[in-house]
Amino acid sequence: MTNQTGVSLKLERTLNAPVDRVFTALTSKAAIAKWFGPSDEMKITVHAWDCKVGGNYRVEFVSPKGDQHIAVGTFREIVPGEKVSYSWAWEGQPPMDTLVTFRVKADGDRTQLTMTHEGFPDQEMCGHHEQGWTGSMERLVRAIA
Amino acid sequence: MDIVFAALSDATRRGMLARLCQGPASIGELGAPYEISKPAVSKHVRVLERAGLLERRRDGRIHRCRMNPQPMQDAGAWIEQTQRFWEDSLGALARYLEDTTPTAADSADDRDPEQHPPNHPTENER
């Protein structure tokens, strides 16, 4: 979690592969099915993955217990070798138009990957946003848990 | 969920919730630390109420407010669930890239005309 305005989640990783391989893994339908999802036990079905700006995706996750979650969204920006972003929502849950962005940067033979999941891309909410709300909320959640 | 996040996006409302974490309070008590008008305090309280974060009870002429933690726990759970989803996925991505490295690297070397390993036969030796 970061304290940047409107960013609810940011993860950084160094991956042992060159940028173009990482970018392919982030964008190709075949690769997505291999790594998307919370665990190996999760059954993943990529129903749609139309990786072009305006294209939609729909990915289903089924846990060993049979719990089903479906992620849906639309590709917003694709810059080969640099970044890919798409909207993200859980199907069947209240509409929450969050934005996932992956940025890749060469680091020798390796790749620096930065992933952000922004909760509130819509203008009005961003206007009301203030720094550190996530941290504050976490503290509150902990305080009342 | 949107309505909960929207309610939590304001510092004054977060402050009011933090106060309610310590126990019930009147609307006057909730607004006391802030230099804002009574209607503004009422508006914040209504936003929290609509999000289900605050419950109001009339006690004679005084409105007693207390916190309902459920929506916040739901919001926290959503964020935690999403964070776990991505952390696990990125771990799987790293493994996927490691697992596919040798073959991909080999085939890349085979196709790469610039590669001349030291013990590779050169044209002159043929």
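If the neighbours within four places in sequence are left aside, His44(B) is in contact with Asp10(B), Thr12(B), Arg13(B), Met16(B) and Ile36(B). This is a predicted model, and the values given here are computed from it. Among these contacts, the one with Arg13(B) includes a polar contact between the two side chains, at 3.0 Å. His44(B) counts as buried because its relative accessibility is 14%, and buried means under 20%.

The residue itself belongs to helix H4 of chain B. Helix H4, residues 38-50 of the chain, will return below, once the sheet has been described.

Strands of a sheet pair through backbone hydrogen bonds, either parallel or antiparallel. In chain B, three strands make an open sheet, ordered E1-E3-E2, with antiparallel pairing. Strands E1 and E2 of chain B stand at the edges with a single partner strand each, so one side of each has no neighbour in the sheet. E1(B) is joined to E3(B) by two bridges, and Ala25(B) is found opposite Cys65(B) of E3(B).

| Helix | Residues | Strands of chain B | Angle |
|---|---|---|---|
| H2(B) | 11-21 | lies across E1, E2 and E3 | about 85° to E3(B) |
| H4(B) | 38-50 | touches E2 and E3 | about 120° with E2(B) |

Note on methods:
Residues numbered from 1 in each chain as written. Chains lettered and ligands numbered in written order. Predicted model: local features only at pLDDT ≥ 70, side-chain atom pairs only at ≥ 80, totals over all residues. Heavy atoms only, no water. Pairing = 2+ DSSP bridges. Helix = DSSP H or I, 4+ residues; strand = E, 2+ residues; numbered from the N terminus. Contact = heavy atoms within 4.5 Å. Axes fitted to C-alpha atoms, helices over the stretch in contact; angles between N-to-C directions. Buried < 20%, exposed > 50% of the residue type's maximum accessible area, 1.4 Å probe, protein only. Polar contact = N/O pair within 3.5 Å; in protein donor to acceptor, adjacent residues only side chain to side chain.
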